[in-house]
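This report describes one protein chain from its overall form down to single residues. The sequence and structure come first.

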Amino acid sequence: MTENAQPVFNIEKLYVKDLSLEVPHAPKIFLERETPQINVQLRTEGQGVDEGIFDVTLTVTVTATLGENKTVFLVEVQQAGIFQIRNIPEGELEPLLMIGCPNILFPYAREAVTDAVTRAGFQPVILAPVNFEALYQAQQQRAAADAAVQ
């Protein structure tokens with residue numbers, strides 16, 4: 001095997017693509033003593049930018065609510081990375097983009113969420129580790145089930 005055929009995986013750039021914070025009921029929400037319910041949603045997208053260059057975006061949405069529908073805060077972070085990926089078998093590329101890259105991006109997204117929530121005047125939200133492999137497998141199973149239904 002020649003050196004050119006060796007798999008290549010490099011992080012070219014990590015960056016925040018988008019960051020938003022909403023505190024719709026400020027300033028009265030700061031007088032609430034109830035502990036809010038935290039809801040976390042994750043979404044991963046990957047796309048080719050150039051030959052062997054991929055942009056992967058991990059979107060983390062954290063919503064804190066009181067009661068049924070009173071939003072305390074909503075934070076959305078799109079943490080992205082540009083990755084050089086070459087000489088990877090075609091069947092292994094998607095799992096790498098949907099599992100490996102988000103594993104790299106998640107700590108940065110978690111830090112951005114914690115920082116934004118703290119700067120908004122709330123107690124920090126520290127996100128628990130995520131098993132992106134299990135999420136990917138569940139997504140694949142849902143896709144297979146949807147295809148079987150159709």
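The sections below cover the basis of the values, the fold, the aromatic pairs and some local features.

## Basis

The model is predicted: local features need pLDDT of at least 70, side-chain atom pairs count only at pLDDT 80 or more, and totals for chains, interfaces and linings use all residues. Residues are numbered from 1 along each chain as its sequence is written, and side-chain values use heavy atoms, with hydrogens and water left out.

## Overall form

The protein chain has two helices and four strands, in the order β-β-β-β-α-α from the N terminus. Helices (H or I, at least four residues) and strands (E, at least two) are DSSP runs, numbered from the N terminus. The C-alpha trace spans about 65 × 40 × 20 Å along its principal axes. The radius of gyration of the protein chain is 19 Å, whereas a compact globule of 150 residues would have one near 15 Å. That radius is taken over C-alpha atoms, and the globule rule is 2.2 Å times the number of residues to the power 0.38.

Of the 150 residues, 31% are buried; buried means under 20% relative accessible area, exposed over 50%, and partly exposed in between (1.4 Å probe, protein chains only). The accessible surface of the protein chain is about 9500 Å², with 49% of it belonging to carbon and sulfur atoms. These areas come from the Shrake-Rupley method with a 1.4 Å probe; for residues, only the protein chains shown count as cover. Among contacts (heavy atoms within 4.5 Å) between residues at least 6 apart in sequence, 68% join residues at least 24 apart.

## Aromatic pairs

Rings of Phe, Tyr and Trp (its six-membered ring) pair if their centres lie within 6.5 Å; planes under 30 degrees apart count as stacked, over 60 as edge-to-face and the rest as tilted. The protein chain has four aromatic pairs by this rule. Phe30 and Phe122 are stacked, at 4.8 Å centre to centre and with 25° between the planes. Phe30 is partly exposed, at 35% relative accessibility, while Phe122 is buried, with a relative accessible area of 14%.

The Phe106 and Phe132 rings form an edge-to-face pair, because their planes stand at 65°, with centres 5.9 Å apart. Phe106 lies in helix α1 and Phe132 in helix α2, so this pair ties together parts 26 residues apart in sequence. Both residues are buried. Phe30, Phe73 and Phe122 form one aromatic cluster.

## Helix α2

Helix α2 (residues 132-149) has 18 residues and reaches 26 Å from its first C-alpha to its last. The expected span, 1.5 Å times one less than the number of residues, is 26 Å as well. At the start of α2, a side-chain oxygen of Asn131 comes within 3.1 Å of the backbone nitrogen of Glu133.

## Local features

A cis peptide bond, with omega about 5°, joins Ala26 and Pro27. Pro27 is in the loop between β1 and β2. Asn87, in the loop between β4 (70-86) and α1, has a positive phi near 60° and is partly exposed at 37% relative accessibility.

Asp55 is in strand β3 (residues 53-66) and is buried, with a relative accessible area of 6%. Its side chain makes a polar contact of 2.7 Å with that of Tyr15. A polar contact is a pair of N or O atoms within 3.5 Å; within protein, one must be able to donate a hydrogen and the other to accept it, and residues adjacent in sequence count only if both atoms are side-chain atoms. Not counting residues up to four places away in sequence, the residues that Asp55 touches include Lys17, Glu45, Gln47 and Ile82.
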